[in-house]
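I opened this entry to keep track of what I looked up in the structure. My notes follow in the order I made them.

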Amino acid sequence: MTHHMLLLEEALLTRHGQRFGGFDLRVDPGERVALLGPSGAGKSTLLKLMSGDIVPTSGRALLDGRPVAAMDPLQRARRRAVLPQSHQVAFGLPVELVVSLGRWAGDDGGRWVRQALSWASAGHLLGRRYDRLSGGEQARVQLARVLAQLADVERGLLLVDEPLASLDPGLQLELLDTLSRFCRERGHALVAVLHDIQQALGGFERLLLVSRGQVQADVPAGTAALPALEALFGLRLQALQVPDGGWALCARRLETAA
Amino acid sequence: MDALLKAPRWPALPGWPLAVALLAVAVVLAANSGAIPLGLADWQALLGGEQTQGAMVLAQLRLPRVAFAVVVGAALGLAGALSQGVFRNPLAEPTLLGIPSGAVCAVALMLTVLSAWAGGLPAAWRPFAVPVAALGGAWVMCGLLQGVARLLVPGAVAGLLLAGLALNALAMAVVGLCTYLATDEQLRNLTFWQLGSLALASWPVVAMLGVAVAGALVMSRRWGQGLNALALGEAVAAQVGVPVVRMRRMLVLTLAVLSGLAVAWCGLIGFIGLLAPHAARGLVGADARRVLPVAAWFGAVLLLLADTAARTVVVPAELPVGILTALFGAPVLFVLLKRAQREIGGGW
C-alpha cells in the first residue's frame with residue numbers, strides 16, 4: 001500500500017472572482033517538490049490549500065487521509081509546518097521565544113530550541129531581540145522555528161513559501177541545504193515555492209509548474225524539464241556544462257535568443 | 001533565559017516579592033495622605049480595634065479608596081496589555097481604540113433612552129444594570145474594531161487607531177445625543193462618566209473588580225504564550241497549533257470585562273492602559289507571559305499615584321483622576337509614537 005501524505009482531489013478555490021484549481025495532486029513522504037511559476041500564478045494559494053490555511057471551495061485537501069483545514073490545530077501542527085513568505089513580528093520578542101513557539105504543539109523544553117537554532121546557523125542569536133535582527137538573521141530564526149516544530153516528527157510535511165527570496169545567494173543556498181538535509185533525515189516531504197529555477201533543479205526532485213491558477217505541468221527535476229520551464233516563463237533556457245561536472249542554467253529573453 | 005526556555009507556560013518573575021513590597025509601601029503612603037494626614041498611630045488604632053477618628057477615616061474612606069485605585073489600575077493596565085496583544089499593535093490602548101467609549105455609550109443609552117425600562121428592573125438587579133451595560137458596550141466595540149481591522153485596514157498600525165478614532169467619535173456622538181435628550185437628573189448621572197473618578201469606592205465594588213482582575217490574570221496565564229504566538233501573525237499562530245479563534249474570543253471577552261467594569265464604576269480614565277504595558281515591556285521584555293502581570297502591577301501603582309495626587313493637590317476639593325492621567329499620559333503618547341515609527345518603519 002502506498003501512503004499518500006498529502007492528497008488534493010479537485011481542490012478548487014474561487015476568490016475575488018479568481019479561480020484556482022481544481023488541483024489534483026499527491027505528495028508522498030520524503031519527496032522534495034518545488035512550485036514554480038510567474039508572480040500571481042497561484043503558487044502561494046496552492047501552498048495555503050496544502051497547509052490548511054484556507055479551505056477549498058469544492059474538492060478536498062487531505063493530510064494523512066483527513067481534511068487538513070478541519071484537523072485539530074494541535075494534531076495538524078505535529079504533522080506539518082509552514083515557513084511563510086514574510087516574517088513580521090509585533091513587539092520585540094526574544095529570539096529563543098520566537099523559536100520556542102514552534103514547540104507549542106510538542107513537548108516544551110529548550111533542547112529543541114537550541115538544536116534548531118544551531119541547525120539554522122543561528123545559535124549566536126540566542127538572547128537577542130528578534131525585531132533588531134537583520135533580514136537574513138530573521139529568516140534564520142524563522143527557519144529554526146519551523147525546524148523545531150518538526151524536529152521530533154517523522155514523515156511529516158514541510159511547506160515553505162519563498163522564504164529565501166530577499167536573502168543573499170550564499171545564505172539562500174545554505175538555508176536550502178539545511179532544509180533539505182533536515183527533511184531527508186526524517187523522511188519529511190518538502191514543498192517549496194521558489195523563484196530560482198537553478199535552485200529548484202538542483203535541490204528538488206519534482207517540479208510543479210503553476211500559472212493562471214492551474215498546475216500546467218508536473219515534471220521530474222532535470223534538464224528534461226527545461227522545455228516546460230521555457231513555456232512557463234517565456235524564456236530561452238540552456239544548460240551549460242561547468243568544469244566540475246555539474247551544469248549551470250543560462251536564461252535569456254525570447255526576443256534576444258535568436 | 002534558561003528559566004524562560006524550560007517553563008513556557010509561566011516564566012518566573014524573580015522580582016515579585018520586591019514588587020509586592022513596593023506596592024504595599026505605596027498603599028500605606030497613599031492611605032496616609034489626604035485632607036487629614038494620618039500616621040502610624042492611626043494604623044495602630046485601626047489594628048487595635050479602637051474607634052478613633054483616624055481609624056475610622058482609614059477604614060471607611062482611605063482604605064476602600066486606595067484598594068479601589070489598585071484594582072482599577074490593575075484592570076486598566078491588564079486591559080491595555082491584552083488589547084495590544086490581541087490587536088498586535090503597540091499603540092492599541094483601549095481608550096484610543098474607543099472601547100471604553102463603547103461602554104460609556106451603552107451606559108448613556110441605558111440611563112436616558114432606556115431609563116424607563118431600566119427603572120422597571122427588580123430592585124436587586126439595578127446595581128448591576130450599569131456594569132452589565134458597560135460590559136456589553138465594551139464588548140460590542142471590540143467586535144466592531146476586530147471587524148474593521150480585518151476588513152478595512154488589515155495589518156496597519158495606524159489604520160486600526162484611525163478606525164478607533166471613528167468609532168470613538170460615533171460612540172461620543174450617541175453620548176452627546178443622550179445628553180441632549182436627558183433630564184436634569186439624568187444629566188447629573190451622565191456627566192460623571194465623562195470625567196473619570198474613583199469617588200465611588202466601596203468594598204463590594206473593590207471585591208467585584210478584584211475578582212474580575214484575578215480571573216483576567218488566570219486567563220493571561222492560560223493564553224500568555226498564545227499571545228506571543230499571535231505576535232507572529234494570526235496565520236503563523238494557527239500553523240503552530242494555537243486555536244486562534246477560541247483564544248481571541250476568550251481574550252476579547254476578558255478585555256471587555258476589564259474595560260467595561262472599570263468604566264462602569266470610574267468613568268473614562270485614559271493612558272494607564274498605554275503607559276503600564278510599555279513600562280512593563282521596558283522592565284521585563286516583550287514576552288506576554290511576563291508583560292501581562294507586570295502591566296497589572298504598573299497600572300495599579302500608576303493609578304494609585306495619580307489618584308493620591310488627585311485627592312491631595314487641591315484639598316479640600318478633588319480633581320477627577322482622569323484629567324490627571326490624560327495630562328501626564330498624553331505627552332508620553334508622543335514619545336511612544338516616535339519610537340513606534342522608528343521600530344515599525346514604513347509599515348504604517
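Before looking at a helix pair, I noted that axes are lines fitted to C-alpha atoms, for helices over the stretch in contact, and that angles run from 0 to 180 degrees between N-to-C directions. The model I am reading is predicted.

**Entry 1: a helix pair in chain B.** I looked up helix H4 (residues 53–86) of chain B and helix H11 (residues 203–230) of chain B, which pack with their axes 9 Å apart at an angle of about 25 degrees. Angles under 35 degrees count as roughly parallel, so H4(B) is roughly parallel to H11(B). I noted the crossing of H4(B) and H11(B) as left-handed.

Which residues meet here? From H4(B) I listed several, including B:Phe68, B:Val72 and B:Leu78, and on the H11(B) side I found B:Trp203, B:Leu209 and B:Val213 among them. The contact of H4(B) with H11(B) has 17 nonpolar residues, three polar and no charged.

**Entry 2: chain A.** I counted eight helices and 12 strands in chain A. Its radius of gyration is 19 Å, close to the 18 Å that the globule rule gives for 258 residues, so chain A is as compact as a globular protein of that length. The C-alpha trace of chain A spans about 60 × 45 × 40 Å along its principal axes. Of the 258 residues in chain A, 44% are buried.

**Entry 3: where the chains touch.** I found 29 residues of chain A in contact with 27 residues of chain B. On the side of chain A that touches chain B, the largest share comes from H3(A), with four residues. By class, that side of chain A has 16 nonpolar, nine polar and four charged residues.

Terms used. Residues are numbered from 1 along each chain as its sequence is written. Chains are lettered from A and ligands numbered from 1 in the order in which they are written. This is a predicted model: local features need pLDDT of at least 70, side-chain atom pairs count only at pLDDT 80 or more; totals for chains, interfaces and linings use all residues. Helices (H or I, at least four residues) and strands (E, at least two) are DSSP runs, numbered from the N terminus. The radius of gyration is taken over C-alpha atoms; the globule rule is 2.2 Å times the number of residues to the power 0.38. A residue is buried if 20 or more other C-beta atoms lie within 10 Å of its own, exposed if 12 or fewer, and partly exposed in between; C-beta atoms are placed from the backbone. Two residues are in contact if their C-beta atoms, placed from the backbone, lie within 7 Å. Ala, Val, Leu, Ile, Met, Phe, Trp, Tyr, Cys and Pro count as nonpolar, Asp, Glu, Lys and Arg as charged, and the others, Gly among them, as polar. Angles under 35 degrees count as roughly parallel, over 145 as roughly antiparallel, 65 to 115 as roughly perpendicular and the rest as oblique. A crossing is left-handed if the near helix is turned anticlockwise from the far one by less than a right angle, and right-handed if clockwise.
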